Structures are given as structure tokens and as C-alpha cells.
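Hello,

Here is the structure I promised to pass on to you. Please have a look at it first, and then read my notes below.

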Amino acid sequence: MNCHWTDGLEQATQFVIFPPLGREAEFGAAKPRLLAHLKARFPDYSFGLTAIAMDDEISILPVCGTVGDDANGRLKKPPAMARMLEIKAAVGAFDPAGAGLS
């Protein structure tokens, strides 16, 4: 039997979005609309938007764990790559300067 470290772990449902470099203020101003857009598309997930960028493109990181007192944190299973690409496409379709979608 082939076991993986994620076997039996709860699925990650929280994501952190990093805006593209140079567009931090633009995305920050549209934060409520972006988060509402994502919640409508992915109702079982929660999203946060940082004020800092990591790359020229949108970056999305799943929150795959929690930190607890006395090392009692919990690990969570990362989502499938297909799901990550769906989320990235939904963020990429969002126009922070416009009515919601580009």
C-alpha cells in the first residue's frame, strides 16, 4: 500500500491571494468586490488578499495548516492542482478597475 503524508487530512479551504507587482493598490481598492466574486464562485472556501505582491503575476497560496499552542497545530491537505488553477483563473478574470470581470 502506497501512503502519502496527506492521507486522512482535512482539505485546505482557506487561501491567501497576492496581487501582481505594481498593482497592489488597485487590487487593495477592489478587495471587497474581489472577495465577494470569489465567495460567489467558491462558496465553501474563504479568501484573503494581502497588500504585498510576490511576483509579476497573481499568486495564490492555500493555507495548509494552523499553528497551535505547544505544537498542537493541524496540517491540512493542499487542494488539487486543477482546483488551484480554477481559483487562479477566477482571480485572473477579475478586473479590479471595472465591473468585476475582464
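Let me start with helix α3, where M84, I87, A90 and V91 are buried. Viewed down the axis of α3, these buried residues fall within an arc of 125 degrees, so they line one face of the helix. On the face turned away from that buried side you will find the exposed residues M81, A82 and L85. Please keep in mind that this is a predicted model.

The length of α3 also checks out.

What do the buried residues of α3 pack against? Their partners are the helices α1 (24-29) and α2 (31-41), together with the strands β1 (14-18), β2 (46-49), β3 (59-62) and β4 (94-95).

Now to the sheet. It is open, has 3 strands in the order β2-β1-β3, and its pairing is mixed. The edge strands, β2 and β3, each pair on one side only. Ignoring direction, neighbouring strands are turned by 25 degrees against each other on average.

Strands β1 and β3 run antiparallel and are joined by 4 bridges. In this part of the sheet, V16 stands opposite L61 of β3. Helix α3 packs on the sheet, where it touches β1, β2 and β3, and its direction makes about 140 degrees with that of β3. Helix α2, for its part, lies across β1 and β2 and runs at about 155 degrees to β2.

Two residues may be worth a click while you have the model open.

One is S59, which sits in strand β3. Is S59 buried or exposed? Its relative accessible area is 12%, under the 20% cut-off, so S59 counts as buried. Leaving out residues up to four places away in sequence, S59 touches V16, I17, F18 and M54.

The other is P79, in the loop between β3 and α3. P79 is buried too, because its relative accessible area is 10%, and buried means under 20%. With residues up to four places away in sequence left out, its contacts are Q11, A12, F15, P62 and M84. Of these, M84 is one of the buried residues of α3. P62 lies 17 residues from P79 along the chain, and the C-alpha atoms of the two are separated by 7.5 Å.

Best wishes

Technical notes: Residues numbered from 1 in each chain as written. Predicted model: local features only at pLDDT ≥ 70, side-chain atom pairs only at ≥ 80, totals over all residues. Heavy atoms only, no water. Buried < 20%, exposed > 50% of the residue type's maximum accessible area, 1.4 Å probe, protein only. Helix = DSSP H or I, 4+ residues; strand = E, 2+ residues; numbered from the N terminus. Arc of directions from axis to C-beta. Contact = heavy atoms within 4.5 Å. Pairing = 2+ DSSP bridges. Axes fitted to C-alpha atoms, helices over the stretch in contact; angles between N-to-C directions.
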